[in-house]
Each structure stands twice: as structure tokens, then as C-alpha cells.
Amino acid sequence: MAHETPVGGWRAVFPPAQWLTSYQTKWLANDAIAGVTLAAYGIPVSLAYASLAGLPPQYGIYCYLVGGLFYALFGSSRQLAIGPTSAISMLVGVTVAGMAQGDPERWASIAALTAVVIAAMCVLAWLFRLSSLVNFISETILLGFKAGAALTIAMTQLPKLFGVKGGGHGFFESVVTLAGQLPDTHFAVLAFGLAALAVLLLGEKFLPGRPIALFVVVVSILLLSVTPLGELGFKIVGALPQGLPDFKLPDLRVRDVDGVIPLAFACLLLAYVESVSAARALAQARGYEIDARQELLGLGAANLAAGLFQAYPVAGGLSQSSVNDKAGARTPLALVFASLTIGLCLLYLTRMLHNLPNVVLAAIVLVAVKGLINVGELRHVWRVSRFEFGVSMVAFAGVLVLGILKGVIVAVLVSLLLLIRRAAHPHVAFLGHIPGTRSYSDMERNPDNEAVPGALLFRVEASLLYFNAEHVRDAVWQRICTMPRPLTLAVCDLSTSPAVDLAGARMLRTLHAELEAAGIRLRLVAAHAAVRDLLRAEGLEENFGDFGRRITLADIIDEFQGRAETAAT
């Protein structure tokens, strides 16, 4: 991949100033076609996602209308498509339900306010350069979280597929409620929904990237409009307001709504992880790089626009971005064409959606969330690491048992606990001589290595810091207690410890004193320059002897074995 020359100043904050200067007129047709294709994909999907968020269908369309347009001004990806996503829509729907107190206007205001708060958080994260913090959320955790979210979302749509009311709080209660309502299944609705599912799945397999959902929507509207199916009790979308959304500040303030800050944080976490992951995947395929910090501004601008134009939180999704990419998008101008297309539809075509059956929207959501469950990757994690698989299942169970919002929090906490556990328990490798060389490596991984009689050689494979120093000391003593022969030398190889803090240095001093009392001399070797400076400032060289950069582990062992041979003779 070719690395582009870094851009500074205002051009770095305003990416169109970079890609517009090199824009080629032959790309215009590609971007226009991609924009129209994205709009054709996005309109039916956004209608379905709005129902997940508990909002009228047009709010989902507004997300696509303004989100992509404003992302194009500040985002660094050239193919990322911005709009509502299934997980965020569901998160908004289940969380705002408890805040809205049954008032639809309050519901819409809270959703818009959440988007504005996300925008503010994005700007703060950009100012304080916090984009790298998202890397602390493990991919394994997200794997389990997405699978749990997919099942939770699916359970909200299955009652629509069966033509029953559904209900229940949480995943398991919803399953029990649906099971009790199955005898009341509306078979005409079920047959229609299964047919829509079949067409969507076949289209996804044989016509990837094509607006199959739009085809299903158009055909279903025609069938309910011109055939007797419309008289069989199908629930329909109904009339949508014609025209573009008004610019409007949310009627509520943050202090008026308890819980909007945690909701906004959870949405931001999901939105940023999903957006950056999708943007990086597309950028690698196209041979350029994105700016993860700049993505905060792009996402912030998109959510600010969503909050001010009667929409709700938006993000970049891999499925919609893949549609944009496969349709030929070369630059973010494709998002502008998509917004223009959606705007024209809102002005002139909303009446055509009146007879759209809700079961078709449910089918669209079910197909969309199918991609959140990566069975192949789960099997791979199971084969590679049972521990990582268990962590993934904790996130999975957290979503199913606690819901999506608390599931996000569980995923974050598990990621942090996993990080702390690994940092606090670094691997301490006990080294042996590699036959025929002057090198030493981990005896656990290389059983053919030769132990050095009378010596214990160990290497801490992490920085030696206050929260792991005692673990290292305990590991050394446990090893010493299992040694069959008495020791007279211990050597600590610091070559894989890029940093040592005061607690780590003082632990080494304590270990030296304990070993000396047991008749064992402790030496240090291969410390990095900054580590040597700290250890010397602590006065450790007086105790340990010279640990300068020219002294190697092999030199110390040669000296030790030479003394042993002299003593033997």
C-alpha cells in the first residue's frame, strides 16, 4: 500500500480540500451511480431500522439524508456510507422506551438529543486525541456482543413475521411470549414474510451489491395495492410526511433526561468501532489510509446533523458501505448524490410507500442482522483459544440477559478486565541454552534447550511495572523452589521489558536481597537505555554489578561456568 504524504493545517481537518484537488471528471459517473444505488439500498433499510428505534419510518430516511451529506465534509474514508445501523437503532429503541414515558414527541426529542450529545463527545475525543482508546475494546468481545445483539434484534422482528403482537422485556421473556402466541399466527402474513426473506437471501447470494430490498419493497407495495392481499389484515407503514425535515433543535436538554449520557456513550462506542473497522477494510482494499482521529470529526458532524434535522444516531456500516463501494464510489461525492436522490424521494415519492407491509421491513432487518453473527470466526476462536471464546460468550450472554445497553457496558468492562489481567500476569520465560549457539530461549517452548547447571535464567516478557512486579517475583521464587539442584546464580534478561518503573526497580532490589540471603547472586542483562538510566538512578548497579549494553547473557554464563570449572579444579 502506498503511504500518502501527511497533510497539515486546515486541509487536514477538511478532507474535501484533499480529494477535490485530484478529482477526475471520469469519476463523476461512478459516484453518481453509486449514490443512486446507495439511496435505493438505504431507503427500505432505513424504514426498517426506524421501527427498531421505535420511531416513525421517515426518521430512518432522515438519517441517510443528512448523515452521509455531513460526513462527506469531514470524514476521511472515500467509500464509507453513513446511516442508521441495526445495533444502534435497537439500542436507541429499548433505552429510550424507558425515558419517553409513552410520549412519541418526547421519544423523538430524546433520540435527537442523543445524536447531538454524541457529536459533542466526538469533538471532545478529537480535541483530546482519544481515538486510540477504542483499540482497547477486544475484537473477541465485539464478536460475542454482535451475535447477542443480532439475536436480540431478531426477537423484536419475529412477532411481525408471524403476524402476532409479541411483547416481553428482554430476550428470554420475548421468546416465551412469542412461543405462547404462535397458535395465533397470521398465516398469510407469515407466507408473505417468508417469501420476502427468500427473495432477499437469494438476492444477497446471487446479486450482491444490488438493491434487492428496493425490489422487494416495490413488489410488496404493488401486491397489496392491486390484489386482494390488502384485505387480509396486513399492517402497513401508512402515510409518510412529504418534504424535507425541518432544522430543529431538540426540545429537551441533557439535564432534562436521566440516562442520555450513558446511552450516547454506548452509541458512540458502537458507532466508532463499526465505522472505523469498515472504513479501514475499504481503505486497505482501495490502497489508501484513513485517519482514525479525523473519523471522530466525520462521525460527529453526521450525528450533529442527524440531531438537528429530526433523525437519530448514525454510524458507518460495512453492509451499506460495501454497497457503495461495489457500485463504483470513488469519493465521498457518492454520499452527496445519495442524499440528493433521497431528498427527491422525500419530496415526490413518499405517497408510494403507504401500502408497504411491516412484515417486509421485518424481513429486511432479519436479513441485515444475519451478518452480525460470524459463525466461522466463532469456530476459529474456539479452535485457537478457549479462553478468548469464553470471553466472547460472556459478552454474548451479557447482551441476552441484560439487554443491549448494559451489554455494551459489560463488553467494555470485560475488555478492560482482560487487559488488566494480561498486564498484571505477564509471561515469565525461563531460559535454556540453544545447542550449538550462544543464544538462550524459553525452555517451555523448546524442550531441547539445555539448562545451565546451578543457574536460573529468566526473562520478563512485558514491562516491569507496579501492578505486575510481585507476580514476577512470585514466579521466580516458585521456579526456584522446584529446582532439583541448588543455585548460585540467577540472571534477569530485560530485553523484552521496554519499561521499568520505580516499583519494578525496587522489586528487583528486594529480590536481589532475598536471593543473596539464600546464597544466590542476581545479575541483570540486556536492559534498554531508559531502563538502565532508571536502575542506575536507584543505585541498583552497586548491588547487581555492571549491566551495561555490551554485556550479554552469554558473557555472564561464560564467566559463571568459568568460575565453576576453576572451583572444581
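Buried means under 20% relative accessible area, exposed means over 50%, and partly exposed lies in between. The model used in these exercises is predicted.

**Exercise 1.** Classify F171 and F172 as buried, partly exposed or exposed.

*Solution.* 
- Start with F171. Its relative accessibility is 14%. The cut-off for buried is under 20%, so F171 counts as buried.
- Turn to F172. Its relative accessible area is 48%.

**Exercise 2.** Find how the rings of Y466 and F467 are arranged, then classify both residues.

*Solution.* 
- A pair of aromatic rings is described by the distance of the centres and the angle of the planes.
- For Y466 and F467, the centres are 4.9 Å apart and the planes make 85 degrees.
- Planes over 60 degrees apart count as edge-to-face, so this pair is edge-to-face.
- Y466 has a relative accessible area of 60% and is exposed.
- F467, at 37%, is partly exposed.

**Exercise 3.** Identify the edge strands of the open five-stranded sheet.

*Solution.* 
- Write down the strand order: 4-3-5-6-7, with mixed pairing.
- Read off the edges: strand 4 (440-442) and strand 7 (521-525).
- Each has a single partner strand, so one side of each lacks a neighbour in the sheet.

**Exercise 4.** Describe how strand 5 meets strand 6.

*Solution.* 
- Strand 5 (residues 455-460) and strand 6 (residues 489-493) run parallel.
- Five bridges join them.
- Locate L457: it stands opposite V491 in strand 6.

Note on methods
Residues numbered from 1 in each chain as written. Predicted model: local features only at pLDDT ≥ 70, side-chain atom pairs only at ≥ 80, totals over all residues. Heavy atoms only, no water. Pairing = 2+ DSSP bridges. Helix = DSSP H or I, 4+ residues; strand = E, 2+ residues; numbered from the N terminus. Buried < 20%, exposed > 50% of the residue type's maximum accessible area, 1.4 Å probe, protein only. Phe/Tyr/Trp six-rings, centres within 6.5 Å; stacked < 30°, edge-to-face > 60°.
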